[in-house]
Amino acid sequence: MPGLFLSAIAECQLRFLNNLGKTQISFICSFVGVSMHLLFSWVFIIQMDLELLGTGLSLFIAYLTMLVMMIVYARF
């Protein structure tokens with residue numbers, strides 16, 4: 001469930017950047033987040049054998065990565 005909260009905030013930040021015309025930044029943040037999701041899915045699901053819990057953890061990390069990158073860009 002914490003991933004849904006991060007998803008909602010990240011979606012708002014994504015739309016904010018898109019409305020400012022910063023679509024390349026939102027694309028880069030989304031690409032990095034998806035890459036992190038793939039990497040951590042492999043680690044948690046296959047290497048650590050966490051199954052469904054691993055999927056949730058990797059999605060949480062992906063949303064957190066995207067959100068932090070977008071907030072850091074918007075702040076600085």
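The buried residues of helix α1 are Gly3, Leu6, Ala10, Gln13, Leu14 and Leu17. They lie on the same side of α1, because the arc they cover around the axis is only 105 degrees. The model described here is predicted.

**Helix α1**
- α1 is made up of 18 residues, and the distance from its first C-alpha to its last is 26 Å, close to the 26 Å expected at 1.5 Å a residue.
- Among the elements that cover the buried residues of α1 are α2 (23–47) and α3 (52–75).
- Leu4, Phe5, Cys12, Arg15 and Asn19 are exposed residues on the face of α1 turned away from its buried side.
- Gly21 follows α1 and has a positive phi, near 85 degrees.

**Ser7**
- Ser7 belongs to α1, which runs over residues 2–19.
- Ser7 counts as partly exposed because its relative accessibility is 22%, and buried means under 20%.
- Between Ser7 and Leu67 there are 60 residues in sequence, while their C-alpha atoms are 8.3 Å apart in space.

**Helices α2 and α3**
- The axes of α2 and α3 come within 8 Å of each other and cross at roughly 155 degrees.
- The two helices α2 and α3 are therefore roughly antiparallel, as angles over 145 degrees count as such.
- The crossing of α2 and α3 is right-handed.
- Residues of α2 that meet α3 include Ile25, Ile28, Met36, Phe40 and Phe44.
- On the α3 side, the residues that meet α2 include Leu57, Ile61, Thr65, Met69 and Tyr73.

Methods. Residues numbered from 1 in each chain as written. Predicted model: local features only at pLDDT ≥ 70, side-chain atom pairs only at ≥ 80, totals over all residues. Heavy atoms only, no water. Helix = DSSP H or I, 4+ residues; strand = E, 2+ residues; numbered from the N terminus. Buried < 20%, exposed > 50% of the residue type's maximum accessible area, 1.4 Å probe, protein only. Expected span 1.5 Å × (residues − 1). Arc of directions from axis to C-beta. Contact = heavy atoms within 4.5 Å. Axes fitted to C-alpha atoms, helices over the stretch in contact; angles between N-to-C directions. Parallel < 35°, antiparallel > 145°, perpendicular 65-115°, else oblique. Left-handed = near helix turned anticlockwise from the far one by under 90°.
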